[in-house]
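Subject: The structure, and what turned up in it

Hi,

Here is the structure I promised to pass on.

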Amino acid sequence: MPSKCRGCHCSTYCAILDMKLKVSNKIFFSQVEQLITQGETVTIAIKGNSMRPWLRDGQEKVILKAHTAENIKIGAIALFRYKGRHILHRIININGNNITFAGDGNIGIYEYGTMQDIIAVVKCIITPKGRIIECDSRIWRVKSRLWLATPLIVRRVILGIARRL
C-alpha cells in the first residue's frame, strides 16, 4: 500500500510522483483500480500525447476519484478500460449506457464503451509548477466546452502548433 502523498500535497494516495519506477501496466492499473474501489483518490502522471494540448506527456499529473452517475458527463475526463488497455480520455457523447470517448489530441479517433468500463474520473490536474486545477471549476469547464466546440480543422492547426512548442 502506498504511503500518503507528500509530493503534490493532495492528501491522497499517489501511484506515481516524481520517482521513476517501471511497473507493468497490468500491475499498476490493478492497484489503481483497487485504491479507487476502496474510495481513495489516486494521483498518476500523464503518459502519452493523446490529451494534448491540455495534458502533456510527463508534464501534468491527474488526481483520479471514483465515478458516480453525477460526474459521468460530456466533457469529463475518465480513466476507462478499452480492448484490454487503460485509457484516459474525454467523454464526448453519452447515449444511455453507451459512451464515446476521444483524446483531445486525437482528431477523428474515438473509443466506445459503457458505464461499466469507466474506472474513475479526473478530479483535478496538477501542472508542472504544482498549481492544482479543479475539473469542477468554472474556468476548466468553459475551456473544455470551447475545445469540444472548436471545429476539427482548427483543432488540428492548434495541435500542430502545440507539437512544435
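Below is what I found, starting with how to read the model.

This is a predicted model, in which local features need pLDDT of at least 70 and side-chain atom pairs count only at pLDDT 80 or more, while totals for chains, interfaces and linings use all residues. Residues are numbered from 1 along each chain as its sequence is written, and side-chain values use heavy atoms, with hydrogens and water left out.

Let's begin with the rings. There are four aromatic pairs in the structure. (Rings of Phe, Tyr and Trp, the last by its six-membered ring, pair if their centres lie within 6.5 Å; planes under 30 degrees apart count as stacked, over 60 as edge-to-face and the rest as tilted.) One of the pairs is phenylalanine 80 with tyrosine 82: the ring centres are 6.4 Å apart and the planes sit at 70°, so this pair is edge-to-face. Phenylalanine 80 also pairs with phenylalanine 101, and here the centres are 3.7 Å apart with planes at 10°, so the pair is stacked. Helices (H or I, at least four residues) and strands (E, at least two) are DSSP runs, numbered from the N terminus. Together, Phe80, Tyr82 and Phe101 make up one aromatic cluster.

Are these residues buried or exposed? Phenylalanine 80 has a relative accessible area of 1%, so it is buried, and tyrosine 82 is buried too, at 18%. (Buried means under 20% relative accessible area, exposed over 50%, partly exposed in between, with a 1.4 Å probe and protein chains only.)

Now the charges. Side chains of opposite charge can pair when their charged atoms come close. The structure holds three salt bridges (a side-chain nitrogen of Lys or Arg within 4 Å of a carboxyl oxygen of Asp or Glu):

- Glutamate 33 meets arginine 81 at 2.8 Å, N to O. This pair joins helix H1 (residues 25–37) to strand E4, 48 residues apart.
- Arginine 56 meets glutamate 60 at 2.6 Å, N to O. Arginine 56 is partly exposed at 27%, whereas glutamate 60 is buried at 5%.
- Aspartate 104 meets arginine 90 at 2.8 Å, N to O. Aspartate 104 is buried, with a relative accessible area of 2%, and arginine 90 is buried with 0%.
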